[in-house]
Amino acid sequence: MHGEYKVPGGKLVVVDFEEQDGRIAGFHLSGDFFLEPDTALDDIDAAVTGLPIEADAATIAAAVRSALPDGAQLLGFTPEAVGTAVRRALVTAPGWREFQWEIVHEAPVSPRMNLALDEVLTARVGDGRRNPTLRLWEWNESAVVIGSFQSVKNEVDPEGAARHGFDVVRRISGGGAMLMAANSIVTYSLYVPSSLVAGMTFADSYAFLDDWVLQALRSIGVDATYQPLNDIASPQGKIGGAAQKRLANGGVLHHATLSYDMDGQVMTEVLRIGREKLSDKGTVSAAKRVDPLRRQTGLSREAIIEKLKETFANLYGAVPGHITEDEYAEAAELVRSKFATDAWLNRVP
């Protein structure tokens, strides 16, 4: 069996082994990482050899960590990365370039239609009716998009939202509220089959699916990093955040919002952002939490989006695609029956 795992922001971890009587046999670790002392490689191989093939990534990582000699240095990878590579080998997880990717960037639609398209396109990728896809959002009205499990009354100030012209809508993924003002953010959605992230923990899949955008941002001068669980940041502050939803048919939605030119004062008047929310961010002002990409790059929003598309295409061989009339029609019906209803918006009052 053969497995590979590219550590987000790190090195490639490669594992080769066999299965004998329900256990890992003849295990060998390799890759372009750095490891000191050299003999630690043999220690890792010995630690994984003999483990049950049912061992999860955390169990494998614990075995590797316990076998390392005192003072061992792992650069560009971690024991958890070894565990992930083993699990991906056991489920024969494919890599990015084993899929035919499409990039979709079409005319603006309403925030509700964007949310409905997320559900429709994720389901179609899960069913095998659409190639894995990167979609860049455009919208024609402002809205607050709250997470699937958030309380409307706890997250949104209705008077502030009305005063600044923000509708309130709910998405299918978890996570926090995002302020979608015209031309102020960059939002993208990835619709991928679950096999792409097979063998990864839920947390690891966030970093894995956002690694390409970090590369794109670095290419335009933003020192972007991933901050667990779902933040994209730079030394100047938070840039954005991601969220996921996994469907029963194997479709995975991963979408992220990056701030381009956020008005921090408006955000504090529309969203109810309390001290507890800020307590682990090292800040006392919500306005300071979001660092606009315009100030860090000097580029237009359109230029940043083009760089994202270019980077994704170069990395994974993606080609331009489009949303079909049938997909738009299905999404429009979903807006009517779900996303535009009070029952959906207030399912968590």
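Predicted model: local features only at pLDDT ≥ 70, side-chain atom pairs only at ≥ 80, totals over all residues.

Biologist: What sheet do they belong to, and in what order do the strands come?

Modeller: An open sheet of three strands, ordered β1-β2-β3, with antiparallel pairing. β1 (2-6) and β3 (23-31) each have a single partner strand, so one side of each has no neighbour in the sheet. On average, neighbouring strands here are turned by 20° against each other, direction ignored.

Biologist: Which helix packs on that sheet?

Modeller: Helix α3, residues 79-90. It touches β1, β2 and β3, and its direction makes about 50° with that of β2.

Biologist: Switching to α1: which of its residues are buried?

Modeller: In α1, residues 40-48, the buried ones are A40, I44, D45, A47 and V48. Seen down the helix axis they fall within an arc of 165°, so they line one face of α1. The face turned away from that side carries the exposed residues D42 and A46.

Biologist: And what covers the buried residues of α1?

Modeller: The cover includes β3, β4 (34-36), α2 (57-67) and α3. Just after α1, by the way, G50 takes a positive phi of about 100°.

Biologist: Let's talk cores. Which residues touch the most other members of the largest nonpolar core?

Modeller: F27, F77, W96, W101, W212 and F312, out of 66 residues in that core. Helix α7, residues 202-219, contributes the largest share, eight residues. Apart from this core lies another, of 41 residues, with V145, V168, Y191 and A331 among them.

Biologist: Nice link. Now the sheet with β8: what is its strand order?

Modeller: The order is β9-β8-β10, an open sheet of three strands with mixed pairing. β9 (167-170) and β10 (178-180) are the edge strands, each pairing on one side only. Neighbouring strands are turned by 25° against each other on average, direction ignored.

Biologist: How do β8 and β10 pair?

Modeller: In the antiparallel sense, over three bridges, with β8 spanning residues 143-146. The bridge partner of A143 in β10 is M180. Helix α4, residues 111-127, lies across β8 and β9 and runs at about 10° to β9.

Biologist: Last one: are the faces of β13 covered or open?

Modeller: Both are covered. D231 and A233 on one side, and I232 and S234 on the other, are all buried. In a regular strand, side chains alternate between the two faces of the sheet.

Biologist: And which strands does β13 pair with?

Modeller: β12 (residues 225-227) pairs with β13 in the antiparallel sense over three bridges, and the two form a hairpin with three residues between them. β13 also pairs with β14 (residues 237-246), antiparallel over four bridges, and a hairpin joins that pair through two residues. For landmarks, Q227 stands opposite D231, and S234 stands opposite G237.

Definitions and conventions
Residues numbered from 1 in each chain as written. Heavy atoms only, no water. Core = buried A, V, L, I, M, F, W, Y, C linked by side-chain atoms within 4.5 Å. Buried < 20%, exposed > 50% of the residue type's maximum accessible area, 1.4 Å probe, protein only. Pairing = 2+ DSSP bridges. Axes fitted to C-alpha atoms, helices over the stretch in contact; angles between N-to-C directions. Contact = heavy atoms within 4.5 Å. Arc of directions from axis to C-beta.
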